[in-house]
Amino acid sequence: MRIIGLDFGSKTVGVALSDLLGLTAQPVETIFRKNESKLRKTCARIESIIAENDVSKIVLGFPKHMNDDIGERAKKTLEFKEMLQRRTGLEVVMWDERLTTVEAEETLIESGIRREDRKKYIDQIAAVLILQGYMDSLPRK
């Protein structure tokens with residue numbers, strides 16, 4: 001069983017998947033939408049990825065402020081969590097995503113990805129960092 005990692009943004013969702021052993025996270029895609037409140041196609045695409053890959057759990061990045069406060073983006077993410085649980089029936093784990101976008105940007109710069117191309121990949125890399133952080137926290141058998 002695999003785990004899916006999601007970096008939920010106002011117009012994009014970065015998607016990552018664990019390998020079959022649950023050791024590493026790999027980028028899958030970035031789901032784009034034109035309107036922040038239009039989530040039907042976004043949820044349908046996530047459900048499709050879940051079905052195609054035998055996913056058993058969702059890890060969703062939780063964008064808390066640096067001082068641990070929950071702002072507007074975090075509230076929207078919690079609403080998205082509820083929607084995902086209703087639609088998929090899967091457990092959705094919230095994972096602190098503070099600084100993952102900064103780390104993703106640095107990773108892309110170090111990899112030599114051109115500035116104009118980074119936008120295509122940054123959300124996927126952030127999703128990888130969220131999922132990998134979660135998997136690294138799990139006890140190993």
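In which sense do strand β4 and strand β5 pair, and over how many bridges?

## Two strands side by side

In this predicted model, strand β4 covers residues 55–62 and strand β5 covers residues 91–96, and the two run parallel to each other, joined over 6 bridges. To find a spot where they face one another, look for L60, which stands opposite M94 in β5.

How does the chain get from β4 to β5? The path goes through helix α2, residues 72–88, and this β-α-β crossover is right-handed.

## A stacked pair of rings

Next come the aromatic side chains, where the count comes to 2 aromatic pairs. One of them is formed by F8 and F80: their ring centres are 4.1 Å apart and their planes meet at 10 degrees, which is under the 30 degrees used as the limit, so the pair is stacked.

F8 belongs to strand β1 (residues 2–8) and F80 to helix α2, so this contact ties together parts that lie 72 residues apart in sequence. Both F8 and F80 are buried.

## An edge-to-face pair

W95 and Y134 also pair. Here the ring centres are 5.6 Å apart and the planes stand at 85 degrees, so this pair is edge-to-face. W95 sits in strand β5 and Y134 in helix α4 (residues 115–137), so distant parts of the chain, 39 residues apart, are linked.

Are these two residues buried or partly exposed? W95 is partly exposed, with a relative accessible area of 24%, whereas Y134 is buried, at 7%.

Conventions
Residues are numbered from 1 along each chain as its sequence is written. This is a predicted model: local features need pLDDT of at least 70, side-chain atom pairs count only at pLDDT 80 or more; totals for chains, interfaces and linings use all residues. Side-chain values use heavy atoms; hydrogens and water are left out. Two strands pair if DSSP finds at least two bridges between them. Helices (H or I, at least four residues) and strands (E, at least two) are DSSP runs, numbered from the N terminus. A crossover is right-handed if, with the strands pointing away from the viewer, the path from the first strand over the helix to the second runs clockwise. Rings of Phe, Tyr and Trp (its six-membered ring) pair if their centres lie within 6.5 Å; planes under 30 degrees apart count as stacked, over 60 as edge-to-face and the rest as tilted. Buried means under 20% relative accessible area, exposed over 50%, partly exposed in between (1.4 Å probe, protein chains only).
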